[in-house]
Amino acid sequence: MSANLCVESHLRELLEEGFEVIVVKDATAAAVSPELGDGYKSAITNFGFIANEVVTTDEIVARISARQ
């Protein structure tokens, strides 16, 4: 899923529904356009402002493993 389109759209919807949302930043990507710039970098910036947390795959796997 494209970080700056699909992921960000779902993130906003889930927040509006009252969920706390963690984004796994290295589990998504986005297009880079010479005219418009890097969609991934833009999305990561937005995630930092609107998500409850932005983590890596290693961080989330460690949390899940610690709960088991």
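Tutor: Start with one term. Contact means heavy atoms within 4.5 Å. Take the contacts in the protein chain between residues at least 6 apart in sequence: 68% of them join residues at least 24 apart. Keep in mind that this is a predicted model.

Student: What average pLDDT does the protein chain have, and which element has the lowest mean?

Tutor: The general idea comes before the numbers. Where pLDDT is low, the predicted coordinates should not be read in detail. Here the protein chain averages 94, and 100% of the residues score at least 70. Strand β2 (residues 32-33) has the lowest mean among the elements, 92. Strand β4 (residues 53-55) has the highest, 97.

Student: In what order do the elements run from the N terminus on?

Tutor: The order is α-β-β-β-α-β-α. That makes three helices and four strands. The C-alpha atoms fill a box of roughly 45 × 25 × 20 Å along the principal axes.

Student: What share of the 68 residues is buried?

Tutor: Buried residues make up 21% of the protein chain. The chain exposes about 5000 Å², and carbon and sulfur atoms supply 54% of that area.

Student: Which residues form the largest nonpolar core?

Tutor: The general idea: in soluble globular proteins, nonpolar side chains tend to be buried together. In this model the largest nonpolar core has eight residues: Ala-3, Val-7, Leu-11, Val-21, Val-23, Ala-43, Phe-47 and Ala-51. The largest share, three residues, comes from α1.

Student: Which residues of α1 are buried, and where do they lie around the axis?

Tutor: An α-helix has 3.6 residues a turn, so residues three or four places apart point the same way. In α1 the buried residues are Ala-3, Val-7, Glu-8 and Leu-11. They fall within an arc of 100° seen down the axis, so they line one face of α1. These buried residues pack against β1 (22-24) and α2. The face of α1 turned away from the buried side carries the exposed residues Leu-5 and Glu-16.

Student: What follows α1?

Tutor: Gly-18 follows α1. The phi of Gly-18 is positive, near 100°.

Student: Now α2. Which of its residues are buried?

Tutor: The twelve residues of α2 reach 16 Å from the first C-alpha to the last, close to the 16 Å expected at 1.5 Å a residue. Gly-39, Ala-43 and Phe-47 are buried in α2. They cover an arc of only 70° around the axis, which puts them on the same side of α2. The buried residues of α2 pack against α1, β1, β3 (37-38) and β4. On the face turned away from that buried side are the exposed residues Lys-41, Gly-48 and Phe-49.

Student: Where is Asn-52, and what does it contact?

Tutor: Asn-52 lies in the loop between α2 and β4. Leaving aside neighbours within four places in sequence, Asn-52 is in contact with Leu-15, Phe-19, Glu-20 and Val-21. Asn-52 and Leu-11 are 41 residues apart in sequence and 9.9 Å apart in space, C-alpha to C-alpha.

Student: Helix α3 is left. Is Arg-67 buried or exposed?

Tutor: Arg-67, in helix α3, has a relative accessible area of 78%, so Arg-67 is exposed. Arg-67 is 48 residues from Phe-19 in sequence and 20 Å away in space, C-alpha to C-alpha. Glu-59 is also in helix α3 (residues 57-67). With a relative accessible area of 40%, Glu-59 is partly exposed. The C-alpha atoms of Glu-59 and Ala-27 are separated by 12 Å, and these residues are 32 apart along the chain.

Technical notes. Residues numbered from 1 in each chain as written. Predicted model: local features only at pLDDT ≥ 70, side-chain atom pairs only at ≥ 80, totals over all residues. Heavy atoms only, no water. pLDDT = per-residue confidence, 0-100. Helix = DSSP H or I, 4+ residues; strand = E, 2+ residues; numbered from the N terminus. Core = buried A, V, L, I, M, F, W, Y, C linked by side-chain atoms within 4.5 Å. Buried < 20%, exposed > 50% of the residue type's maximum accessible area, 1.4 Å probe, protein only. Arc of directions from axis to C-beta. Areas by Shrake-Rupley, 256 points an atom, 1.4 Å probe, with all protein chains shown as cover. Expected span 1.5 Å × (residues − 1).
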